[in-house]
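Please look through the model below before reading my comments, and keep it open beside them as you go. I have written them as numbered points, so that each can be checked in turn.

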Amino acid sequence: MTARVIRVTWDQALAWRMRRQLLDPVAERSVADVVRRLCGIQAQVASYAELGIRVRRTASKPGDVARALAQGRIIKTWAMRGTLHLVAPEEAGVFLSLIAAGRSWEQPSWQQWFGITPAQLDALRSVVRDALDGRVLTREELVAAVTKHRGFGHVGDALRSGWGSLLKPLAWQGDLCFGPSQGNRVTFMRPESASARWAGVPAPDDAAPKAIAAYLRAYGPSTVDGFRNWLSRGRTSKAKMRRWFDAFRPRLAEVQVGSERAFVLAEDLDDLVATKPTRAVRLLPGFDQFVMGPGTEDAHVVPAHRRSVVSKQSGWISPVVIAGGVVRGTWDVETDRVRVAWFTETGAVPRTALLAEAKRLSTITGRGLQLEVSLA
């Protein structure tokens, strides 16, 4: 007899997700707690990453994120989807392991572009690890340390690239992470030097259960494809993802959300079913995890006809207004004003809630910000 699939609404699912992501209610948590709960914070725009953490905390101060980095409570490295993230050193390796399992550097197009074979990349790993042993190097210092070795003179330009494409496979395998900036220059170091909490990169089959569980706790209900898109954007094959999910099935519960099937952890099912829809309104920064977790193509979070307003050219993700777990507008700050562009089709403007959010943003940023609302 087939087990009955529990039904929940998208309003319930998104309300549960907001609670899990410390948005309703906002929590009394440390920087590291927030980063760990969200499986990492996308961080190529440092100010957005800091704001994404601070809006989830009941009390915070400028520099809290920098202090957590300096103390090794979090580290910065290339992680999900090949983008820069703040991650918890105790758990980062489980996600990096699954990204590395895709072995994107073995693709012929990758080898042709960089002029380096998988065997040479393994050799590069050794060179970089030795260069960073007990040291913090700027990008130029690392390039000099690598290119002096025979056979690596031609990779200097690729290593200098701010995109870091040649260094990402090394980050995913735990060979390097970012160190403290020197002015406007980035530095690199070994993860174990960046944090005594670094737990290494486990084998993919050992990492998968922990990674899937952590993702579903923050971004569930979700699917195999949802997890794959968040983690690697296709760098790791569907077949491997399905195998990992199949092995994890005893700990999963399947639910029907609206007309779609998705997974949550079995231990979270009762909590999800008991969740009531929320009316909470939040101003979230660009590249916020509430949007990045499911991806901007998830029409339940970002209405399809508004996606181009949120996801712009060159991969830019706008600051958004979330109400009830759905993007209802965008916002920006100009001088002393928070300018909200409220989507017309979403109904009446929740002015009282927006005023409260503008006040909270004023407290966080230390600026007296006035609310200005227009319809978009």
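This is a predicted model: local features need pLDDT of at least 70, side-chain atom pairs count only at pLDDT 80 or more; totals for chains, interfaces and linings use all residues.

1. The protein chain has a secondary structure of 18 helices and 14 strands, and the C-alpha trace spans about 65 × 65 × 35 Å along its principal axes.

2. How does the radius of gyration compare with that of a compact globule? For 376 residues a compact globule would have a value near 21 Å, and the protein chain agrees with this because its own radius of gyration is 21 Å.

3. Among the contacts in the protein chain with a separation of 6 or more, 64% are accounted for by residues 24 or more positions apart. As for the surface, 53% of the 376 residues count as buried, while the chain exposes about 16900 Å², of which carbon and sulfur atoms supply 50%.

4. Are the two partners buried or exposed, or in between? Arg19 counts as partly exposed because its relative accessible area is 31%, a value that lies between the limits of 20% for buried and 50% for exposed, and Asp271, at 32%, is likewise partly exposed.

5. A second pair to inspect is Arg36 and Glu91, whose side chains meet in a salt bridge at 3.9 Å, taken from N to O. Here too distant parts of the chain are linked, with Arg36 in helix α2 (residues 31-37) and Glu91 in the loop between β4 (84-87) and α5 (92-100), 55 residues apart. Arg36 has a relative accessible area of 25% and is therefore partly exposed, and Glu91, at 29%, also counts as partly exposed. Both residues belong to a network of salt bridges that links Asp33, Arg36, Glu90, Glu91 and Arg197.

6. Finally, Glu254 forms a salt bridge with Arg261, and the closest N and O atoms of this pair are 3.8 Å apart. Glu254 is partly exposed, with a relative accessible area of 31%, and Arg261 is partly exposed as well, with a value of 44%.

Definitions and conventions
Residues are numbered from 1 along each chain as its sequence is written. Side-chain values use heavy atoms; hydrogens and water are left out. Helices (H or I, at least four residues) and strands (E, at least two) are DSSP runs, numbered from the N terminus. The radius of gyration is taken over C-alpha atoms; the globule rule is 2.2 Å times the number of residues to the power 0.38. Buried means under 20% relative accessible area, exposed over 50%, partly exposed in between (1.4 Å probe, protein chains only). Contact means heavy atoms within 4.5 Å. Accessible areas come from the Shrake-Rupley method with a 1.4 Å probe; for residues, only the protein chains shown count as cover. A salt bridge is a side-chain nitrogen of Lys or Arg within 4 Å of a carboxyl oxygen of Asp or Glu.
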